Amino acid sequence: MKVNMQKWAEEIIAARDVKNLPVLFFPYLAVNGKKVNDVVKNPEAQCATMKGVIDRWPAMIAAMTSMDLTIEAQAFGCEVAFPEEAIPYITSEIAKDKESALSLQVPSVNSGRTSVFLDAAKLAAEQITDRPTFGGMLGPISLATVLMGIAPLMNFLLTDPETVHVVLDKCTQFSIEYAKAYKEAGANGIFLAEPTAGLVSPGQCEEFSSQYVKKLVDAVQDDTFFIILHNCGRAKKQVASMVGTGAKGYHFGNAVDMNDILPQVPAEYLVFGNIDPATVLTQGTTEMVRKETLALLEDMKPYPNFILSTGCDLAPGVAIENLDAYFNALEDFNSQNN
């Protein structure tokens, strides 16, 4: 479904109610009875879960594919393990040394399981017609981390940064084509997960993440296609670099205080965050979830471009009662403040 995403963002900012987009997919499997393997290998099952999520929690302002951080790496040739009740994971890296990094080949977009997610986005865009559909993708340095391994990557950043740039160029080439395929499938945007950017210095964030994210943004973002850039690290000093990518949305994890973030982002850009997905939503009580959600909403009152969200993707096993408490807190806050 075609959506004017610029108008979508403007209407969110102008609305009296605070809007809401948690990174919520896998916990719903406790409701519909599907297994993780069902939804990461079958586009129909994934689309059905996307629909189920927004039917269960209609306050969500968009539908979103699951966040499977192995998709792009599998396309490059990494082996993937598929636990029945847990999300997939890479079993070995393929670019751990300079020789393998330099010989890495850019795959076609239809390699691995990318078609599962592209087809799920296509089905969702056709069947969910009252809100946008977003596809999930890894950002450049985060994909490079999966291909190289975190320890080798960090070592190369210090000892041989040019090899990292070679890998990043290849990751970005693939990511641009993958994002274009999402766009062609009918998705209205990308949730671009770039967690590794939160582990490096602000200067390294600019050199090894933001300049490559900007290439992707420049290639695909327009009035009908919206990029949300996610960084769940200690990103307080990285905001300027992130905003320099030109993405129209920014998503932050619970490692930061949103009061430090919102003043740094232009008022026309959407900013999402950042209820703790582990301590609060997974391990906390419904009372804790409500208290933390209301406190964040109160803090964010001065910022019309703030969107309530989780600090990161929610894993299977988050209690449905806690998610209900999160949504109910937002509903109560909006009813009391309008």
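1. How many residues does helix α7 have, and how far does helix α7 reach from its first C-alpha to its last? Helix α7 covers residues 114–127 and has 14 residues. Its reach is 20 Å, close to the 20 Å expected at 1.5 Å a residue. The expected span is 1.5 Å times one less than the number of residues. Helices (H or I, at least four residues) and strands (E, at least two) are DSSP runs, numbered from the N terminus.

2. A word on the basis. This is a predicted model, in which local features need pLDDT of at least 70 and side-chain atom pairs count only at pLDDT 80 or more, while totals for chains, interfaces and linings use all residues. Residues are numbered from 1 along each chain as its sequence is written, and side-chain values use heavy atoms, with hydrogens and water left out.

3. Which residues of α7 are buried? They are T114, V116, F117, L118, A120, A121, A124 and A125. Buried means under 20% relative accessible area, exposed over 50%, and partly exposed in between (1.4 Å probe, protein chains only). The cover over these residues includes α3 (36–41), α4 (43–56), α5 (71–76), β5 (133–138) and α10 (161–185).

4. Now α4 against α7. The two pack at an angle of about 45 degrees, with their axes 8 Å apart. Axes are lines fitted to C-alpha atoms, for helices over the stretch in contact, and angles run from 0 to 180 degrees between N-to-C directions. α4 and α7 are therefore oblique to each other. Angles under 35 degrees count as roughly parallel, over 145 as roughly antiparallel, 65 to 115 as roughly perpendicular and the rest as oblique. The crossing of α4 and α7 is right-handed; that is, the near helix is turned clockwise from the far one by less than a right angle.

5. The contact (heavy atoms within 4.5 Å) uses P43, E44, Q46, C47, M50 and K51 of α4 and V116, F117, D119, A120, L123, A124 and Q127 of α7. By class, the contact of α4 with α7 has eight nonpolar, two polar and three charged residues. Ala, Val, Leu, Ile, Met, Phe, Trp, Tyr, Cys and Pro count as nonpolar, Asp, Glu, Lys and Arg as charged, and the others, Gly among them, as polar. E44 of α4 is partly exposed, at a relative accessible area of 49%.

6. α10 also packs on helix α11 (residues 202–220), at an angle of about 25 degrees and with axes 9 Å apart. That makes α10 roughly parallel to α11. Their crossing is right-handed. Among the α10 residues in the contact are V164, L168 and I176; α11 brings residues including F208, Y212 and L216. The contact of α10 with α11 divides into 10 nonpolar, four polar and five charged residues.

7. Is helix α8 (residues 140–148) mostly covered or mostly exposed? Mostly covered: nine of its nine residues are buried. Just after α8, G149 takes a positive phi of about 95 degrees.

8. A73 belongs to helix α5. A73 counts as buried, at 0% relative accessibility. Leaving aside neighbours within four places in sequence, A73 is in contact with C78, I90, L143, V146 and L147. L143, V146 and L147 are among the buried residues of α8.

9. G273 and N274 are joined by a cis peptide bond, with omega about -20 degrees. N274 lies in strand β9 (residues 270–275). Most peptide bonds are trans.
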